[in-house]
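Here is a short report on one protein model.

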Amino acid sequence: MLASKCGKRIPAVGERVGFGVRHVKAERLAVPEGRGRGKGRPRGGVGGGGGGEEQEEEQRAWSPNPSRMAEKKVSSLPAKLINGGVAGLVGVTCVFPIDLAKTRLQNQQGIQVYKGMLDCLAKTVRSEGYFGCYRGAAVNLTLVTPEKAIKLAANDVFRQKLSKDGHLPLWGEVLAGCGAGTCQVVVTTPMEMLKIQLQDAGRLAAQRSVPTPAQAAAPGPAPSLVAPPPARPNPPPRTSATSITVDLLKTRGLAGLYRGAGATLMRDVPFSMIYFPLFANLNALGQEKVGDVQARSPFWQSFLAGCGAGSVAAVAVTPLDVIKTRLQTLQKGEGEDTYRGIVDCTRRIMMREGPSAFLKGATCRALVIAPLFGIAQGVYFLGVGETVLGLLG
């Protein structure tokens, strides 16, 4: 047993010092030359001598271990994937009915079945029941985990790669968001393709029950003295994501699932380029820096920063989302246009419906994306993934 000059006990080599950690050799704890060596401290180690082997051992002890650094990064990636997946599941469950209303409002061209978001949700519940508002939710809940996990984890990875000395310039933030948006398209495109067909089926069924102007002007049969029974709307035919997938693979191959991939890329890349830098700056407002390390923001600030950045980015790319939705919709209603590509879709919408058509569903998108990304940042803040990995050992 050793004793220091101040009277405190110094554990011997190999003795346990708490939490199952043994005291290592004193030479490994020596501070090498040039790293705060105090006056009177020997140059070569505790025992002096200054031998070359001791100096090399000291340098190895103080130099960063690449394998350990890699292990740390790899171990944090599963936590990011879990956080993204949990955030996606919770967020989609909360806001999916609004997303359904957004899709149906954006696809309206000729006959206006719905007057707005609330009218769409009320008519959907009346004709299809409460769970009709969740048509296509199973596809989202299945694929949103890898989609959100890829998006959020890719952004973190790109930010780490592009940062220098702990500082990331604005162009680096934008480039990291661009990379994250590009990576997620691999999952987003087939997910959106299947979801839109399921969501829009109810609108097409409701449109068939609405008479066209020509039908309304045509003379009808003579009125009957007996009141007819009240007509009940027929529920739309139930199609499944599996049947749509099989049909697309049979008729169009794998490219059928990736229809509208270019429009999806045009929407998601600008969205990520706007969202991630804006969130990072909003989240850092009022937080002091200790050296190059940013102080951690409180939970409410992370949540509000995610909501604010998400709503701004969602409204900004709404015109691109309208084009993507129109291109990916396979079945059209009566008198509705079909499109040959992004340019043709843009031109036809402008000619037939005017510039305001490009903002259809903008309010719905803001109400969907804001809480979705607010919840995502809240999950990241709480460290749900780290907690799950800690429980799993």
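## Burial and surface

Of the 393 residues in this predicted model, 40% count as buried. Buried means under 20% relative accessible area, exposed means over 50%, and partly exposed lies in between (1.4 Å probe, protein chains only). The accessible surface is about 22,000 Å². Carbon and sulfur atoms hold 64% of that surface. Areas come from the Shrake-Rupley method with a 1.4 Å probe; for residues, only the protein chains shown count as cover.

The model is predicted: local features need pLDDT of at least 70, side-chain atom pairs count only at pLDDT 80 or more, and totals for chains, interfaces and linings use all residues. Residues are numbered from 1 along each chain as its sequence is written, and side-chain values use heavy atoms, with hydrogens and water left out.

## Fold content

The protein has 14 helices and four strands. Both are DSSP runs numbered from the N terminus: helices are H or I with at least four residues, strands are E with at least two.

Take the contacts (heavy atoms within 4.5 Å). Of those with a separation of 6 or more, 75% join residues 24 or more positions apart.

## Helices α9 and α10

Helix α9 covers residues 261-283 and helix α10 covers residues 299-316. Their axes come within 8 Å and cross at roughly 150°. Axes are lines fitted to C-alpha atoms, for helices over the stretch in contact, and angles run from 0 to 180 degrees between N-to-C directions. The crossing angle therefore makes α9 roughly antiparallel to α10. The classes are under 35 degrees for roughly parallel, over 145 for roughly antiparallel, 65 to 115 for roughly perpendicular, and oblique for the rest.

On the α9 side, the contact includes Phe271, Ile274, Tyr275 and Leu278. On the α10 side, Ala305, Gly306, Ala309 and Gly310 are among the residues involved. The contact divides into twelve nonpolar residues, five polar and no charged. Here Ala, Val, Leu, Ile, Met, Phe, Trp, Tyr, Cys and Pro count as nonpolar, Asp, Glu, Lys and Arg as charged, and the others, Gly among them, as polar.

Thr103 sits in helix α2 (residues 66-107). Thr103 counts as buried because its relative accessibility is 0%. Leaving out residues up to four places away in sequence, Thr103 touches Ile196, Gln199 and Thr325.

Gly385 belongs to helix α14 (residues 384-392). Gly385 has 0% relative accessibility, so it counts as buried. With residues up to four places away in sequence excluded, Gly385 touches Ala79, Ile82 and Asn83. Gly385 and Ala79 are 306 residues apart in sequence, yet 4.2 Å apart in space, C-alpha to C-alpha.
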